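The briefing below is grouped by topic.

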Amino acid sequence: MRALDRLSSRPSSLCFWRTSAGREVDLVLERGRDVVAVEIKASGTVTAADTAALRELRDGLGDRFRLGIVACLARNPAVLDRKLCVAPLPSLLGVEGISR
């Protein structure tokens, strides 16, 4: 992700996010005021528990939160709500033919 981000004319700050209760988001990209968060799951299905930390981060950041992505081994992308989606990890990486 850092290598891809370096290609941008406006690099992002990359970090992770964790609450005192133990919820965490694997990757948080911050560019100016805008935040995109990515949760990576080694599963083909996404549950409400998989999006809990993304929802908590979204609610805490308000309009700064642009998009939350659950990157996983799902076969198809899906929209979960206005600011949360599921993206097949192979699609994000530009790699075809990865099977579960």
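Glu-39 is found in strand E3, residues 34-40; helices (H or I, at least four residues) and strands (E, at least two) are DSSP runs, numbered from the N terminus. This is a predicted model, in which local features need pLDDT of at least 70, side-chain atom pairs count only at pLDDT 80 or more, and totals for chains, interfaces and linings use all residues. Residues are numbered from 1 along each chain as its sequence is written, and side-chain values use heavy atoms, with hydrogens and water left out.

**Glu-39 and its surroundings**

- Glu-39 has a relative accessible area of 6% and is therefore buried; buried means under 20% relative accessible area, exposed over 50%, and partly exposed in between (1.4 Å probe, protein chains only).
- The side chain of Glu-39 makes a polar contact with the side chain of Lys-41 at 3.3 Å.
- A polar contact is a pair of N or O atoms within 3.5 Å; within protein, one must be able to donate a hydrogen and the other to accept it, and residues adjacent in sequence count only if both atoms are side-chain atoms.
- Leaving aside neighbours within four places in sequence, Glu-39 is in contact with residues including Glu-24, Asp-26, Asp-50 and Leu-54, where contact means heavy atoms within 4.5 Å.

**Nonpolar cores**

- The largest nonpolar core has 13 residues, of which Val-25, Val-28, Ala-37, Leu-54, Leu-57, Phe-65 and Val-86 touch the most other members.
- Two or more residues of this core come from each of strand E2 (24-31), E3, helix H2 (48-61), strand E4 (65-72) and strand E6 (84-88).
- Another core lies apart from it and has eight residues, among them Leu-14, Leu-27, Val-38 and Cys-85.
- A nonpolar core is a set of buried Ala, Val, Leu, Ile, Met, Phe, Trp, Tyr and Cys residues joined through side-chain atoms within 4.5 Å.
- Not counting residues up to four places away in sequence, Val-28 touches Ser-13, Leu-14, Cys-15, Phe-16, Trp-17, Val-35, Val-36, Ala-37 and Leu-57.

**Salt bridges**

- The structure holds nine salt bridges, a salt bridge being a side-chain nitrogen of Lys or Arg within 4 Å of a carboxyl oxygen of Asp or Glu.
- Glu-30 forms a salt bridge with Arg-64, and the closest N and O atoms are 2.4 Å apart.
- This pair links distant parts of the chain, with Glu-30 in strand E2 and Arg-64 in the loop between H2 and E4, 34 residues apart.
- Glu-30 is partly exposed, at a relative accessible area of 29%.
- Asp-63 and Arg-33 meet through their side chains in a salt bridge (3.3 Å, N to O).
- Asp-63 lies in the loop between H2 and E4 and Arg-33 in the loop between E2 and E3, so this pair ties together parts that are 30 residues apart in sequence.
- Asp-63 counts as exposed at 52% relative accessibility, and Arg-33 counts as exposed at 52%.
- A salt bridge also joins the side chains of Asp-81 and Arg-58 (2.6 Å, N to O).
- Asp-81 is in strand E5 (residues 78-81) and Arg-58 in helix H2, so the parts tied together are 23 residues apart in sequence.
- Asp-81 is partly exposed, with a relative accessible area of 30%, whereas Arg-58 counts as buried at 18%.

**Partly exposed leucines**

- Leu-92 is found in helix H3, residues 89-93, and counts as partly exposed at 43% relative accessibility.
- Leu-73 is placed in the loop between E4 and E5 and is partly exposed, with a relative accessible area of 24%.
- Leu-73 and Leu-89 are 16 residues apart along the chain, and their C-alpha atoms are separated by 5.8 Å.
- Leu-61 lies in helix H2 and is partly exposed at 21% relative accessible area.
- From C-alpha to C-alpha, Leu-61 and Val-35 are 8.4 Å apart in space, and in sequence they are 26 residues apart.

**Whole chain**

- The protein chain has three helices and six strands, which run α-β-β-β-α-β-β-β-α from the N terminus on.
- Of the 100 residues in the protein chain, 34% are buried.
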